[in-house]
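Here's a walk through one protein model, sheet by sheet and helix by helix. Have the fold open while you read.

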Amino acid sequence: MPAPVLPFALARDMQVLIEGGRLLAGPGAAALGLREARRRAGVPLVLERLAAGEFEARLAALYRDDGDQDAGDDGLAFDLEEGAGGQGPRDLLEADEEAPVIQLVNQLLRRAVRASASDLHVEPHEAGLRARMRVDGMLQTVLDRGDVPVRRVISRLKVMAGLDIAETRLPQDGHIALRLGGRAIDVRVSTLPGNYGERVVMRLLDRSAGLMPLEQLGLRADQEATLKRLTDRPNGIILATGPTGSGKTTTLYSLLQLANDEVRNILTAEDPIEYDLPGISQTQINSEIGMTFAAGLRAALRQDPDIILVGEIRDGETASIAAQASLTGHLVFSSLHANGSVGAVVRLRDLGLDDFLIAATLRGVIAQRLLRRLCAECCEAQPLDSADARHFEAAGLEAPSAHHAARGCDACNGTGYAGRVGIFEILEVSDALRAAIDAGQSETGMRPLALPPEETLFGQALYQVAQGRTSLAEALRVVGDAL
């Protein structure tokens, strides 16, 4: 896509856009801006007036990919003093005349946002500096140079995040609020001292992307019905489990939207607050001043809640308060680090909850993973051999005659995958399973009572393989081998 004719700052401030042979003008466009846009275009333009919301949408769309995401860092010369100053965050599209270090940092952030990366890693090493971004769950190298002033790049990121640049011996956490072409981007920053300097990892959250409704998460109709039944419960604990980055928070937010019927009081305690939920009271956790998940949950119980979302159950105190809250007539949503739905019971035991308390309060567990979706342009069908067919037999599924494999093309940047699809293992605690939990049975003993093989994460992953949405190699990489 060619670069826009007008600089972003001019287009935004003057409310003028050039798109093809059209001159798009917002409600605030004045004669000066229109003249300057025509002068820069150098060709006749047809004027078209837009409402404020429509203009903002066109501005964001036009400057989302302005043609320079792969250009620039090789041409930067690092021979100028950085003038970071004390200015607040600016739009990343306004960085053309900044010092080279600032240009490099902004280019890295722009590339990560445009690629829809979830994380950006900046890693000093013996020979220089490497930057990698995580796209669809996999890291990709975007920069590896030996002539970069490592300390100045790291210092720039720490200044943007409000961290102490003089402290290089201790880990630090911070936050950057950015905008890219009108899109609000939240960045969580974590530093870690290393052998060759501080390592910086940034978690990127595009707040303008919005929340996904439940039907867009990849759930089957029967799974949606199960979740609806769980959210209609008057009390109990509903947990979302999975590794970091598996979409637990997105699922919990979707459940809250499902439960938000305007007649129930819903409170949350989160770290961080990732999306604004209309009609729901959200509280930010800050452990440095004593505002922990346990403290937030305890305070929320005094606010006459019907439903409480606790961002994560990390310790025995939070688990105990959540259990007590469910016993006193509240519905509690939370996330927990466990490998599967039945594993959540074992994890709650590890946190110190008694078996009878888990049996009395746990209503449902959602275990989930994200699988990379095959690129529609280059995936190719392959016959299923007997060794691969055994995986489907183990999951209780009929083996397909063929499966699709990733090949790689320009459209998917050579990876063979584009986007991701969710798989879900939804456990609704039955009377038989509740009795097994109360009796203290092991995970192995509880698993046959929980879900049939085709409803497990392994079975759900193979279902996506059979549907041609992902490859068998990707399914085995994410959920493992059941044989």
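What follows goes through the ground rules, the sheets, a pair of hairpins, a helix pair and one record annotation.

## Ground rules

This is a predicted model, so to speak of local features pLDDT has to be at least 70, side-chain atom pairs count only at pLDDT 80 or more, and totals for chains, interfaces and linings use all residues. Residues are numbered from 1 along each chain as its sequence is written, and side-chain values use heavy atoms, with hydrogens and water left out.

Helices (H or I, at least four residues) and strands (E, at least two) are DSSP runs, numbered from the N terminus. Two strands count as paired if DSSP finds at least two bridges between them. Axes are lines fitted to C-alpha atoms, for helices over the stretch in contact, and angles run from 0 to 180 degrees between N-to-C directions. Contact means heavy atoms within 4.5 Å.

## The three-stranded sheet

Let's start with the open sheet of three strands, ordered β1-β2-β3 with mixed pairing. Its edges are β1 (16-19) and β3 (46-49), each pairing on one side only. From one strand to the next, the twist averages 25°.

Strand β2 (residues 22-25) runs parallel to β3, joined by four bridges, and Leu-23 has Leu-47 in β3 as its bridge partner. Helix α2 (residues 31-41) packs on this sheet and touches β1, β2 and β3, its direction making about 25° with that of β1. Helix α3 (residues 52-62) packs on the sheet too, touching β1 and β2, with about 55° between its direction and that of β1.

Next up is β5 (residues 128-135): six of its eight residues are buried (under 20% relative accessible area, with a 1.4 Å probe and protein chains only), so the strand is largely enclosed by the rest of the structure.

Val-135 stands opposite Met-138 in β6. This hairpin also has two residues between its strands, and Asp-136 in the turn has a positive phi of about 55°.

## The seven-stranded sheet

Here the order is β12-β11-β13-β14-β10-β15-β18, an open sheet of seven strands with mixed pairing. The edge strands, β12 (281-284) and β18 (417-428), each pair on one side only. Twist averages 15° from one strand to the next.

Strand β15 (residues 362-374) and β18 pair antiparallel over 10 bridges, with Ile-366 opposite Ile-426 in β18. Helix α9 (residues 316-327) packs on the sheet against β10 (236-241), β13 (307-310) and β14 (331-336), its direction at about 135° to that of β10. Helix α15 (residues 457-466) packs on the sheet as well, touching β15 and β18, at about 145° to the direction of β18.

## The α13/α14 pair

How do α13 and α14 pack, and at what angle? Helix α13 (residues 431-438) and helix α14 (residues 443-450) sit at about 170°, axes 9 Å apart, and are therefore roughly antiparallel (an angle over 145 degrees).

In the contact, Ala-432, Leu-433, Ala-436 and Ile-437 of α13 meet Met-446, Leu-449 and Ala-450 of α14. That makes seven nonpolar residues (the class of Ala, Val, Leu, Ile, Met, Phe, Trp, Tyr, Cys and Pro), with no polar and no charged ones.

## What the record says

UniProt, in an unreviewed entry, places "domain: Bacterial type II secretion system protein E" at residues 301-315; such annotations may be inferred rather than shown by experiment. Over residues 301-315 the chain is 0% helix and 27% strand, with the end C-alpha atoms 18 Å apart.

Terms used
Parallel < 35°, antiparallel > 145°, perpendicular 65-115°, else oblique. Buried < 20%, exposed > 50% of the residue type's maximum accessible area, 1.4 Å probe, protein only.
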